[in-house]
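Open the model in your viewer and keep the sequence panel beside it. The tour goes from stop to stop, and each stop begins with something to select.

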There are 2 protein chains.
Amino acid sequence: MGAGFGGLQAAQKLKKAPVDVTVVDRYNHHLFQPLLYQVATAVLSPGEIATPIRSVLKGQNTTVLLAEAQSVDLQRKVLVCGGGEIAYDTLVLAAGATHSYFGHPEWSQFAPGLKTIDDARNIRERILVALEAAEREPDPARQREWLTFVIVGAGPTGVELAGALAYMTRHSLPKEYRRVDVSKARVLLLEGLPRVLNTYPEELSERARRDLENLGVEVRTGTMVTAMDDMGVSVGDTRIAARTVLWGAGVAASPLARTLGVPLDRAGRVKVEPTLHVPGHEDVFVIGDLASLLQDGKPVPGIAPAAMQMGKHVAKNIRLRLEGKPMEPFHYVDKGSFAVIGRGSAIGVLFDKVRVRGFLAWSMWLGIHLTFLVGFRNKAVVLVQWAYTYLTRRRDVRLITGLHPQKLPSMQRTLPTVPPVAKEEDAAAFPVRRAGDNEPAPLH
Amino acid sequence: MGAGFGGLQAAQKLKKAPVDVTVVDRYNHHLFQPLLYQVATAVLSPGEIATPIRSVLKGQNTTVLLAEAQSVDLQRKVLVCGGGEIAYDTLVLAAGATHSYFGHPEWSQFAPGLKTIDDARNIRERILVALEAAEREPDPARQREWLTFVIVGAGPTGVELAGALAYMTRHSLPKEYRRVDVSKARVLLLEGLPRVLNTYPEELSERARRDLENLGVEVRTGTMVTAMDDMGVSVGDTRIAARTVLWGAGVAASPLARTLGVPLDRAGRVKVEPTLHVPGHEDVFVIGDLASLLQDGKPVPGIAPAAMQMGKHVAKNIRLRLEGKPMEPFHYVDKGSFAVIGRGSAIGVLFDKVRVRGFLAWSMWLGIHLTFLVGFRNKAVVLVQWAYTYLTRRRDVRLITGLHPQKLPSMQRTLPTVPPVAKEEDAAAFPVRRAGDNEPAPLH
């Protein structure tokens, strides 16, 4: 149920069990979410980090259905989907997480988050359109607004986006714009807590902050956004004028959790037993970002490796239960985690002990992510793309596929009516800009 | 003006001329249109056949503006864009072509054409959603409707789409679906004229038809579509029930041509002088698919090589004009053209003489298209993708990124309410399909 890291792993590990598996997902692809920020920042194409679920589960005891799960009826043992219901004997819920705007759902229109391919395309287009708008905008103050990017939340997603944006504006793109100095773009990373990447040791947070600042990111910790509209954000009494605001802050469990009618934690996740099933319902398991589980007093983190371990474990417990044996408690093994800051810079913790940073951490991050990227073809393609990006510093997956006039009100002002000018046959141009025409009109 | 093959070539060849060039395009990327059908059929990602215009023209005497050209005012010498006007001394119009539905603009909602990246994504999603719907549909008659694909028009685009769809359904995907035999999908190619690819010699048309039929395409020439809705098409009195109809037929010049107020041909293209300028306006050139020009009694074809030659020539004429010299007439050199039918199968004509077909033509097509693909990175990535697709027959860029319930009315019927069933503890399943549950309910 749900073909993220957890659900897919569970389905794969049930391959040889005497069961019939149905995977229900509202998309037809498994998404390699840890690389989604590279789609949003024009390094990779969506198809390069997504694999059709059907391809992955081909030829095994699994039916794949494209449908949106809406609620669970524990009494009748059915999963209610858009368009109908699916009966289950055993249910594995792996519906993941969505954005949380801390009680301000209206902010979602101004500050898109990054969870799906459409999110990534949306963010990519917003960034690119802002740069195009800056190029067309003659008023320096308004140009600055288009060149100011605010990222709210300095967790891994916020840090990755901020680092990539700073690198992109400083190193990849400046030469391509003629009227605006893209390298002067401001990238602000706002975080309510006292430090960035707060799940990492303090020393690594400090290093990440330094690396971000070296890239050109303005990091502001202990800073809560109090208001937001399409012209910027407010931090208490301070106003930051910015036409592009991105959301890397709150994460909330899928609303599917609420329909279970069982105890949830503060983030809306289902409090599961150590065996990963819902209290009182041995036939309903919850894994991945949707599950809330304490281990040695610490929560199991909402990251891909934890979801995969849970998926594998739940498959084991389902088999044990079929054999009439007692289920085993899940034990999360923290092999490590990484956060990327930019080209050649990352931080990481291995086996809850070893701390790595800088180029070493970045190389390890690269290797690990290539290893886990699903599907042979994607790996080769991503490797080529990364090698190219690393060698040339270019970011070429820059697609604006529609015009969004609603996003670009100032364009209406930046293209002035050009008065007919006396013919200057010798100064023919293709098609604009007349020789000697130096008025401050923006399109000359 | 317009960053297709013609406009981009003109801008590049003016690099060293004493002029200031402005390229206006409503998208920020140059699109390698000959490979667009591979995006529509899940082989390539959009980013792999598109290059940012800014990257291509970086560091030269060119300003790139993201804006939609709306009309030309020949008297005032301005190009009117969404949001303002741009004055010109010399104008090069290279706005290309769009779809023509032969007087039935309402058909565009049922049968999308293939000109832009959004078109390709739309077609890809329609094909994939149709296969998902077929997998969920229990009624055999309705399943057949989802598995029937009609392509209207057997020009290069229609033939490429039909061939790719037939190959995809017969060889790439069948193993991935459990309830439906995707290899039974019908692919119909309808053409009003007596033969497919009618711009090619009759012998090659025949070969293309045979190759298409061998792939499984039902080719029907001399067949005019007379009506269309979201359930299929009518051909005279005959009704073809099909949930997916694609448009590869008419091409019409950009509506920009009409705003010039000069003579147009029947397809709405501007009749240009042999020097490529508009009659009576030596400062306005029209190139590419927007230009209508007869050479030795035959029209210069609306294909990429012709547009590129025109772009190059117009740059030359602009330079000659600046130097006060007479402009030279354009002479199209037909180096050849190809149409792909499927894996290992194509037809082509070289230098208006040599006819090639089969694997040889296909290999030449591959090599030529790789050579002309803009940008080093794209070439490497496309090569990897093609090698992968060729070796594995897989098509993995299969993204459905949104749910489109409006397209899937039958889904509402296919997911029945499952009545509560007596507990069968031993036959636990994950999560659906109970052992021994063999009623014709579709989700069991």
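Select S345(B) and display what surrounds it. Apart from its neighbours within four places in sequence, S345(B) is in contact with D211(B), V340(B), G358(B) and W362(B). Keep in mind that this is a predicted model. Is S345(B) buried or exposed? S345(B) has a relative accessible area of 9%, and because buried means under 20%, S345(B) counts as buried. Now extend the selection to residues 345-350 of chain B: this is strand β25, the strand in which S345(B) lies.

Next, stay in chain B and select strands β5, β6 and β7. These three strands form an open sheet, in the order β5-β6-β7, with antiparallel pairing. Colour β5 (69-73) and β7 (84-87) of chain B: these are the edge strands, and each pairs on one side only. From one strand to the next, the twist averages 25°.

Zoom in on β6 of chain B, residues 78-81. How many bridges join β6(B) to β7(B)? There are four, and the two strands run antiparallel. For one pair of bridge partners, select L79(B) together with I86(B), its partner in β7(B).

Last, move to chain A and select residues 304-322, which make up helix α8. I318(A) is part of this helix. The relative accessibility of I318(A) is 4%, so I318(A) counts as buried. I318(A) and V92(A) are 226 residues apart along the chain, and their C-alpha atoms are separated by 9.7 Å.

Key
Residues are numbered from 1 along each chain as its sequence is written. Chains are lettered from A and ligands numbered from 1 in the order in which they are written. This is a predicted model: local features need pLDDT of at least 70, side-chain atom pairs count only at pLDDT 80 or more; totals for chains, interfaces and linings use all residues. Side-chain values use heavy atoms; hydrogens and water are left out. Two strands pair if DSSP finds at least two bridges between them. Axes are lines fitted to C-alpha atoms, for helices over the stretch in contact, and angles run from 0 to 180 degrees between N-to-C directions. Buried means under 20% relative accessible area, exposed over 50%, partly exposed in between (1.4 Å probe, protein chains only). Contact means heavy atoms within 4.5 Å.
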